[in-house]
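Here is a briefing on one structure. Look through the sequence and the model first, then read on.

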Amino acid sequence: MSAGRRGRGSVAAALLVAVLAWVVLYPLLIVAADALRGDVLAVVRSRAEWLALWDSVWIAIASVALAAAIGVPLAFLFERFDFPGRGVLGALMALPAVLPPLVGVIAFLFLYGESGFVARAVMAVFGLREAPWRLQGAGAILLVHAYSMYVYFYLFTRAGLARLDESMLEAAASLGAGRWRTIRRVTLPLLRPVLAGAALLTFMTALASFSAPYLFGGSFRVLTTQIVATKLNGDLPTAMVETLALTVVALAGYAFLRLGEGRGLLVAVGKGTAPRPRRIASAALRRLTAAAGWGLAALLLLPHLTLLLVSLVPDGTWTTQALPPRYTLANFAALVTEAERLRPLLNSLWMAAVATAAAVAAALLAGHLVVRLRARLARPIEWLLTLPWVVPGTVLAIGLATTFGVTRPLAGRFVLVGTALILPLAYFVRSLPLTGRAVLAGYRQLDPALEEAAQSLGAGRWKRLWRVTVPVLRPALAAGGGLAFVTALGDFVTSVLLYTYDTRPISIEILSSLRLEQVGAAAAFGVVLMAVSAAALGVGARVGGTR
Amino acid sequence: MEKRFEAAHPGVDVRWLDMGSQEVLDRVRSEHANPQADVWFGGPASLFATAARESLLAPLTGDSVFWLSVYRTPAVIAYNRAAVPDSGAPRDWDDVLAPRWKDRVLIRDPMASGTMRAIWGMVFERSLAATGDTAQGAAWLRRLDGQTREYVQNPAIMTEKLVRQEGWITLYDLPDVQITIRRGRDLGYVFPSSGTPVIDDAAAVVRGAKHADLARAYVEFVRSPAMQILAAREMYRLPARTDLPADSLPDWVRQVEATMKVAPMDWERLDRDGAAWMAYWDRHIRGTGKSGS
């Protein structure tokens, strides 16, 4: 490696760190300074606070376990075996990622709630007078988490498996290792970066999760809902101390899981072709797998179908019947005919696109600097990329609102609140971990010999990036970028604090419809959001899938 | 209403951002360097008092009037008429604690709702007036907690749950109940016989508003007799003005004025001690009523 390349790398790394620190770390420090001015001791002494803290932690750990238990086997099934419908089903499995916020949770309510389809069906079958369960407490939260977060494990593991080198598996087999031994000793160690990446994302998402505990928690308190309750009560100092506590827990979790990712020394050397999916030999087993796959897909699609159904119901007509008595397209017609209602969709699209493009570019630069050049600032870069997941979205939004709510040019603070820039900036910050983790994990699996070969063949820097690195990283880019886009498109937590009239996104329009008790209109928005998200992920999967 | 204002002021486009009153205060606070809002319309007067103390509002008339009352919003006991006949509905707050409503009461989460805070405040203030401390009120709220099926965060979801009979009765504010009824939901409501808190819903101009003069005109406009009557007819709002001709108001207003008993409230005290009461309820009462009984 030439000294010049190193030098340019250092400058680029320093610039990247400066920009990331400015938009990610600096706002948080301003929030932390506020927290330490509060009565820290009173919070530390309170039993209720410790209970909420403990509930947050165990819910997050259980969510990781459940999400991994569902996502990893599914990824193996779809990446390793061939059976009828594999392509379509494989894409459908990612659909929980496109269940929109707020109305998605409401779909769960109509489906699994005590007055939902499933409970009413059970009541009818067994002649019960009361619903057999309530969608409340830790069980309900875990149900929603497992459903929405297994997608991280599923997509990341598939991306990792797609990048595995078949020759390694063949070598293990020729050395006499059985199938399980190969999985345990070769496949899983090679997958460790992606698994640790997925675990990290799931843990952080579950820890910061707000809508599920907010709507289903009842009296079961986690820190995120505790913070909002405290804040709504006007006790901002205590809320800030609680926020700090949550951040500390998240940092500890991050440090622990980061150990599991290793130093990225295990890369697949060789020509890097992944094993082809194996056709399941037994015809009966093949059909059984396909049937189970379709059954599972149907189960995963139920919330989406429920939402579609609700969007077709005139408001107020569906009360205690098993199925809605009347249907209408009026809710959708309103979306198309009223310009005011089309605007939020366009807003969300451009803001999510800009934020995702910027986050992908930042992640590529970071991957190059951290993994390839091993820049001296590698660890700060990685740390800054992950930080937005470590802190809940609400805190990021409060941090941005505080930092960019005043004009102090010398302190690097400018008024962005109330402008069209603040939301794309917030989405960008929230997207960084998604694109960052995926691209870094991809880079770690990427054989440096490929780029070196291109260089020795005379390819310049941009040509290497465009012709070698990006194509090989495509699964990781598509996974990270797709998730980032869809997350920004449906973002609620940060939007609600930062939107303006001109930049109001879809989730805010859903919230407004709900406040006006137009559940059908809200569901119609949700269906449109879902369709756009699914299309985006579908394009992403196609881009990532071609090899 | 904004259409009429636009008609009276050509070139003006009135735009709404709809949110909870506590959220408005948060937003006005965080935007104080670059205020985006001109008018803050709706919310308990006590919140406006807090905002005025923090210099977030511009004076309306003179230097000392920072907000004006627009509507009066009473709390009611609402019920699903498919599950509860009108004759069987609770008549007063204490009736909600009767054994037959056990696990049938839905409550809008009181931390987020101004109406609920007013009811909770009334319970604590009654306890203070009767016994000199808040213990009796805390005990009452613990019994209510024992009756409560669920604390619901979102008003729309609470209405769904009430309509779908997950619960039968709830405590709510009058305009929301009436609008829900107009949407075809079969709900009924009663004014508690011992009196109900009536919230002063106010409007103000945000300090540093980009269109301050128009904003003042808007506040005057919503308080004008014609708009007060329109709001009563179309949005079920009780006018704050008392000088309106009685025959211009819809029947329901006269009925409400005849049947509603207003509970005496020390709003300044609620403004001062409310946060501590709510924090105590949240940490020590929520979820404890069932084990205690």
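What covers the buried residues of α3(B)? The cover includes α2, β1, β2, β3 (67-80), β8 (198-206) and α11 (267-285) of chain B. Helices (H or I, at least four residues) and strands (E, at least two) are DSSP runs, numbered from the N terminus.

This is a predicted model, in which local features need pLDDT of at least 70 and side-chain atom pairs count only at pLDDT 80 or more, while totals for chains, interfaces and linings use all residues. Residues are numbered from 1 along each chain as its sequence is written, and chains are lettered from A and ligands numbered from 1 in the order in which they are written.

**Confidence**

- The model has an ipTM of 0.72 and a pTM of 0.77.
- In chain B, the average pLDDT is 89, and 99% of the residues score at least 70. pLDDT is the predictor's confidence in each residue, from 0 to 100.
- Confidence in chain B is highest in helix α5 (residues 135-147), at a mean of 95. It is lowest in helix α12 (residues 289-292) of chain B, at 66.

- The buried residues of α3(B) are Ala45(B), Ser46(B), Leu47(B), Phe48(B) and Ala51(B). A residue is buried if 20 or more other C-beta atoms lie within 10 Å of its own, exposed if 12 or fewer, and partly exposed in between; C-beta atoms are placed from the backbone.
- Ser55(B) follows α3(B) and has a positive phi, near 60°.
- Leu56(B) sits in the loop between α3 and β2 (57-58) of chain B.
- Why does Leu56(B) count as buried? Leu56(B) is buried because 21 other C-beta atoms lie within 10 Å.
- Beyond its neighbours within four places in sequence, Leu56(B) contacts Val28(B), Arg29(B), His32(B), Ala51(B), Val206(B) and Arg207(B). Two residues are in contact if their C-beta atoms, placed from the backbone, lie within 7 Å.
- Leu56(B) and Arg29(B) are 27 residues apart in sequence, yet their C-alpha atoms are 7.1 Å apart.

**Chain B as a whole**

- Chain B has twelve helices and nine strands.
- Its radius of gyration is 20 Å, close to the 19 Å that the globule rule gives for 293 residues, so chain B is as compact as a globular protein of that length. The radius is taken over C-alpha atoms, and the rule is 2.2 Å times the number of residues to the power 0.38.
- Along the principal axes, the C-alpha atoms of chain B fill a box of roughly 60 × 40 × 30 Å.
- Of its 293 residues, 44% count as buried.
- Take the contacts in chain B between residues at least 6 apart in sequence: 75% of them join residues at least 24 apart.

**Domains of chain B**

- Chain B splits into domain 1 (2-71 + 199-257) and domain 2 (74-197 + 262-292). Domain bounds come from an automatic or database domain assignment.
- The C-alpha centres of these two domains of chain B lie 26 Å apart.
- Their contact takes eleven residues from domain 1 of chain B and twelve residues from domain 2 of chain B.
- On the domain 1 side, α2 (21-30), β1 (39-44) and α3 (45-53) of chain B each supply at least two residues.

**Domains of chain A**

- Chain A splits into domain 1 (1-33 + 331-547) and domain 2 (51-311).
- The C-alpha centres of the two domains of chain A lie 21 Å apart.
- In chain A, 44 residues of domain 1 are in contact with 45 residues of domain 2.
- α23(A) gives the largest share of the domain 1 side, 14 residues.
- That side of domain 1 of chain A has 30 nonpolar, eleven polar and three charged residues. Ala, Val, Leu, Ile, Met, Phe, Trp, Tyr, Cys and Pro count as nonpolar, Asp, Glu, Lys and Arg as charged, and the others, Gly among them, as polar.

**Where chain A meets chain B**

- The contact takes 34 residues from chain A and 35 residues from chain B.
- α22(A) gives the most to the chain A side, with three residues.
- By class, the chain A side has 14 nonpolar, 15 polar and five charged residues.
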